[in-house]
Each structure stands twice: as structure tokens, then as C-alpha cells.
Amino acid sequence: MSPVSGVLHASLTCLIVFKLAMCQDAEPVTPMNDTDYSSTTFDYSDFSMVCEKEENRQFRRWFMPIFYPLICLAGLAGNLLVVVTFYRFSRLKTMTDVYLLNLAIADWLFALTLPFWAASLIAEWVLGLFLCKAMHTVYKVTSYCSMFLLSFISMDRYFAISKAVSAHRRRSQAVFLSKVSSAVAWLMAMIFSIPEMTYTTINNHTCTPFSSSSDPLRIGIQTSQVVVAFMIPLLVMIVCYSSIVQTLYQARSFERNKAIKVILAVVVVFVVCQVPYNVVLFWSTMVVVTDDVKECGKENKLLYASDVTQCLAFLRCCLNPFLYVFIGVKFRHDLLKLLKEFGCLSQERFFKYTCGRKWSAGANETDTTTTFSP
């Protein structure tokens, strides 16, 4: 072996021995692919959990098919009778007559949308964008218009009873003013329904004007609905009917107690049908604003409350004919006459229901359809 080769061999041997010594002293290194994450703790608080709503869906599947068709049929039949009776006997003689006719038309149109509402709440929306927009638009327009007309009816009754002298002076202009104000009510209802016409779309197989539960548009729409379509009409009704009751208490009339009962029935039905739904609507709006729905149980309770109270609110479309129209003596007589002409009532029963009962002392051909007598 040459000297150079011996030196190289000795140097290589020393290098190998030094490397082995360094490897024995160093700590073992675990490969990156075999890293153990079993002892690592993750914070899941920032991840949103999916809330299970199967129980609510099951509730809707039996609740909606039972109540919505009943409300729809009663609303269509009752309001159609009102419209036909008005046109058949030319009863547009007072402001209230005009308001009641428009109210019946609005409620009848609203009742037409109930089957679509039931379908949209029970299953996925498959009827297309046009019907989706039409359903929400008709619902909003008729809801706003009904509330405005109920306010106008309250004000008309206030002037007719509490301010009878001044109302009698303007009697010749009453029908014209009622037609103009009814047109204004429809126009205002359409203006307030513009967001529904514009933003309603099909989102995740659901017909809705909201892109999500936290959509700022949802806050604005629901807030305006609570204020314009509930709080303002309720305030008008409270002021007008309170003054009417006070005037009737001061009057010495046989019909006073019956009139007060009718007014109380009107107010009670309005409160029972509208207050729960608007309270829940306000509650859900506050939840969206404050982002307070963090528990699945609370979210499901809110859905249950919304379904039940919305059904109560929808009930008004079939109760309005009985409260605001059928309580009138003259209108009941015309309705019985119409049923007799259609063959739904015999001659004997017609005379039993009309001639067999005493008419109110103040009832005559000029009576309004909402004369406060049964």
C-alpha cells in the first residue's frame, strides 16, 4: 500500500468513527410523517354547528295540510260571498261599503296564495321563480292593504258615531273619498312590497326574499312589517274604538250594549290573530340583529312559534267577512236573499230568518253594512 493510500484510508476511518459517535449522543428525531397529534387540543368554539330541524319538518308535514286548506276554503268562500253580494245589490253607498269590498278582494287574493305557502313550507320549491315572486308579492300587498283598510274602517266608524254631525255634512262626498283612499291603500301596499318583488328568489331550493338568516335586508323588511302593518293600524284602532265606546256609553240607546260587544269582538279578534305573530316576528328580528341564536333548542322553539302564530295571522282572511260585514243587519238580509236566489235557501226559511226577527229601530235603506246591531 502506498503512503498516500494509507493516509486516505486512515482519514476515512476516523471520519466514520466520528459520525457514529455523534449519532449516538444526539436525541432520536421522529420523521415528520409520523408526528403524533393525539395529545393536541383544538378549540371548536369558532366552528358553527348544524342545527337539526327534523322535528320541525315533521310538525309542518301534518300541521300545514290540516289548517291551511281550511283557512283557504273559508277565506275564498266567505270573501267571494261578500264581493258577489255587494255587486248583486249595488251596496256601494257609504265609505265603509267601499272599504269592505276592497278588504274582501284583498283577503280573497291572499287566500289564493295559502296553498303555495303550505307547499313552500312543507317541501322544496319546484314551481319556478315567477310563482315564487308572485306568492310573496301578493301576500305582502294584500297584508299591507288589509291593515290600511281596517284602519280606514276604524276612522270611518269614528267619524260616523263620535262625529256624526260633521260626517253627515260630508255625506255626498263620502263614496268618492272612500274610492280615492282605497286606491291610495293599494298603492301604498305596492310601494311597501317593492322589496319582495325585487329580492325574492329561490335560494337552496327555498322560495325566500332573504339570502340568509343574518341578511340585513331581512331586518329591514321584518321591522317595516311590524311597524307599518301592525303597530300603526293597532294604534289607530285603539284611538278610534276607544272614542266610539265612550260616545256609546254616553248615549241612551237600546243598541248601545250590542254595539259595544261588536266593537270588543273586532278588537279581540284583531289582537288574538295579529299580536302573537308580530311578537314572534319582532323576536326573530331581534335575534338576527343580536346574533343570539347559538342553541339549537332555542332556534327550533322560534320556528315552532313562527309556524303556529303565522297560521293564526292567516286566519284573519276568513274572519274579516264575519266581523266587518256579516254583523250588519241589512247585509245579512241581502246575503239571505242571494242564497235564496241561488237555491241554497228555501222560501220558508228565508221568511223565517228575515220576517221572523225584528229589525233594529234605526235600520233602513240608508243603513251602512256595519250598523252596530246583530
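Student: Which cysteine sulfur is closest to that of C72, and how far away is it?

Tutor: A disulfide is a covalent bond between the sulfur atoms of two cysteines. The cut-off used here is a pair of cysteine sulfur atoms within 2.5 Å. The closest cysteine sulfur to that of C72 belongs to C317, and at 7.8 Å it is too far for a bond. This is a predicted model, in which local features need pLDDT of at least 70 and side-chain atom pairs count only at pLDDT 80 or more, while totals for chains, interfaces and linings use all residues. Residues are numbered from 1 along each chain as its sequence is written, and side-chain values use heavy atoms, with hydrogens and water left out.

Student: Is C72 buried or exposed?

Tutor: Buried means under 20% relative accessible area, exposed over 50%, and partly exposed in between (1.4 Å probe, protein chains only). C72 has a relative accessible area of 8%, so this residue is buried. C318 is in no disulfide, and the nearest cysteine sulfur, that of C317, is 5.1 Å away. C318 is also buried, at 8%.

Student: How many disulfides does a search of the whole structure find?

Tutor: The search finds 1 disulfide. It joins C132 to C207, with an S to S distance of 1.9 Å. C132 lies in helix α4 (residues 128–161) and C207 in strand β2 (residues 206–208), so the pair, 75 residues apart, links distant parts of the chain. Helices (H or I, at least four residues) and strands (E, at least two) are DSSP runs, numbered from the N terminus.

Student: Why is the disulfide called right-handed?

Tutor: The torsion about the S-S bond of C132 and C207 is about 100 degrees, which makes the disulfide right-handed.
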